[in-house]
Amino acid sequence: MRDVPVIRLFGYGSLMNMKNLRERAPSAHFICWANVIGFRAIFAKEGRDHVYLTLEDKGDESVAFGALVEADPPALAALAQNEPGYRLTDITKAIRPPTVYSTAIIPPVYTFIADVKPIPPGKAK
């Protein structure tokens with residue numbers, strides 16, 4: 001039994017890189033690969049040179065693939081510091097881990113999402 005509360009986080013993009021995750025938040029650890037239903041990963045652009053990945057809530061059958069990780073509050077704070085412009089969003093209803101892991105997933109599950117407009121087709125340069 002743990003004395004420290006844990007937060008489950010859906011990581012996509014840079015948070016799928018376990019080496020990167022451990023450097024940013026050493027106490028965070030991988031649980032399993034998972035999908036988020038109704039969301040899609042999109043590249044967004046801010047200014048002239050800043051392109052980054054976020055999730056867009058499509059409310060349909062779209063699927064975003066990522067890593068389900070567990071973090072304590074200090075690890076979550078460290079990850080949030082490295083994700084400026086993103087907000088922590090509850091995606092518990094959309095998370096779909098592989099069946100074999102489903103008993104290990106205790107809600108809620110969060111992810112970082114930025115409020116942006118996608119890059120129009122043909123405009124990413």
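I take a residue as buried when its relative accessible area is under 20%. The model I examined is a predicted one.

Entry 1, overall layout. I looked up the elements and found 2 helices and 8 strands in the protein. From the N terminus on, I read their order as β-α-β-β-β-β-α-β-β-β. I noted that 38% of the 125 residues count as buried. The exposed surface comes to about 7700 Å², with 55% of it supplied by carbon and sulfur atoms.

I asked how many residues of β1 (residues 7–11) are buried. The count is 5 of the 5, so the strand is largely enclosed by the rest of the structure.

I found strand β5 (residues 63–71) running antiparallel to β1, joined to it by 5 bridges. Within this pair, R8 stands opposite E70. With strand β8 (residues 109–114), β1 pairs in the parallel sense over 2 bridges. Here L9 stands opposite Y110.

I looked up which residues touch the most other members of the largest nonpolar core. They are F10 and I95, in a core of 32 residues. The elements giving two or more residues to this core are β1, β2 (29–37), β3 (39–46), β4 (50–57), β5, α2 (73–81) and β8. I recorded β5 as the source of the largest share, 5 residues.

Definitions and conventions:
Residues numbered from 1 in each chain as written. Predicted model: local features only at pLDDT ≥ 70, side-chain atom pairs only at ≥ 80, totals over all residues. Heavy atoms only, no water. Buried < 20%, exposed > 50% of the residue type's maximum accessible area, 1.4 Å probe, protein only. Helix = DSSP H or I, 4+ residues; strand = E, 2+ residues; numbered from the N terminus. Pairing = 2+ DSSP bridges. Core = buried A, V, L, I, M, F, W, Y, C linked by side-chain atoms within 4.5 Å. Areas by Shrake-Rupley, 256 points an atom, 1.4 Å probe, with all protein chains shown as cover.
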